[in-house]
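The following explanation leads the reader through one protein model, from the overall fold to individual residues. Please keep the sequence and the structure in view while reading.

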Amino acid sequence: MTKSKATPAAFSHRLGAYLIDYFIILVLYGIGFLGISIGFFVLHGVDLSNSATYSNPQLDQVWKDFLPVLRTFLFVVCTIIHALYAALLESSRWQATVGKRLFGLQVTNIDGKRISFKNALLREAVRAICSIVVIGYIINIVMVLLTDMH
């Protein structure tokens, strides 16, 4: 097993690549949110042509019922979109997401070769789990601080 002679990327390059990829993912999330919302309303027979005013009781009720489902569904869909975006691009010939490619970064295995889709997907799954754990800790810390202040 020959180790790669590649050097780790600078923090500024990683951050720049992350911000670009984050923007792309946000656009994909927005498209997904819009499509899912419109689809849900159409399936429930809501007349969207009359929704320009803020007083549409039918729309308000459907939205109220739909919001908890939407949050959960979007969390799952967004996690999958993010994982597939990164895994597909990092295991491709590019060996990088769009942001990483713009900064000249490549994802490789220890031998400096392209990673498989399976490894890229596993990498994203671990990243997602770590993110959920960190967010959970942050929420707990904030809740403790807020309850201790009162």
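**Architecture of the chain**

The chain contains four helices and zero strands, where helices (H or I, at least four residues) and strands (E, at least two) are DSSP runs numbered from the N terminus. Along the sequence, the pattern is accordingly written α-α-α-α. The model is predicted: local features need pLDDT of at least 70, side-chain atom pairs count only at pLDDT 80 or more, and totals for chains, interfaces and linings use all residues. Residues are numbered from 1 along each chain as its sequence is written, and side-chain values use heavy atoms, with hydrogens and water left out.

Of the 150 residues in the chain, 22% count as buried; buried means under 20% relative accessible area, exposed over 50%, and partly exposed in between (1.4 Å probe, protein chains only). The accessible surface of the chain comes to about 11,000 Å², 70% of which belongs to carbon and sulfur atoms; such areas come from the Shrake-Rupley method with a 1.4 Å probe, and for residues only the protein chains shown count as cover. Contact means heavy atoms within 4.5 Å. Among the contacts in the chain with a separation of 6 or more, 56% are between residues 24 or more positions apart.

Helix α1 has 33 residues and reaches 46 Å from its first C-alpha to its last, close to the 48 Å expected at 1.5 Å a residue; the expected span is 1.5 Å times one less than the number of residues. Its buried residues are Gly16, Ala17, Asp21, Ile25, Gly32, Ser37, Phe40 and Phe41. An α-helix has 3.6 residues a turn, so residues three or four places apart point the same way. After α1 comes Gly45, with a positive phi near 70°.

Phe40 and Phe41 also belong to the largest nonpolar core, together with Phe66, Leu70 and Leu74. Helices α1 (11–43) and α2 (57–90) each supply at least two residues of this core, and the largest share, three residues, comes from α2. A nonpolar core is a set of buried Ala, Val, Leu, Ile, Met, Phe, Trp, Tyr and Cys residues joined through side-chain atoms within 4.5 Å.

Gln95 lies in the loop between α2 and α3 (98–102), and its phi is near 60°, a positive value in a residue other than glycine. Is Gln95 buried or exposed? Gln95 is buried, because its relative accessible area is 12%. Leaving aside neighbours within four places in sequence, Gln95 is in contact with Leu89, Glu90, Leu105, Gln106, Val107, Thr108, Lys113 and Arg114.

Leu105 also lies 9.1 Å from Pro8, C-alpha to C-alpha, although the two are 97 residues apart in sequence. Pro8 lies in the segment before α1 and counts as exposed because its relative accessibility is 70%.

Glu124, in helix α4, is buried, with a relative accessible area of 4%. Not counting residues up to four places away in sequence, Glu124 touches His82, Ala83, Ala86, Ala87 and Glu90.

Helices α1, α2 and α4 (117–149) each supply at least two lining residues.
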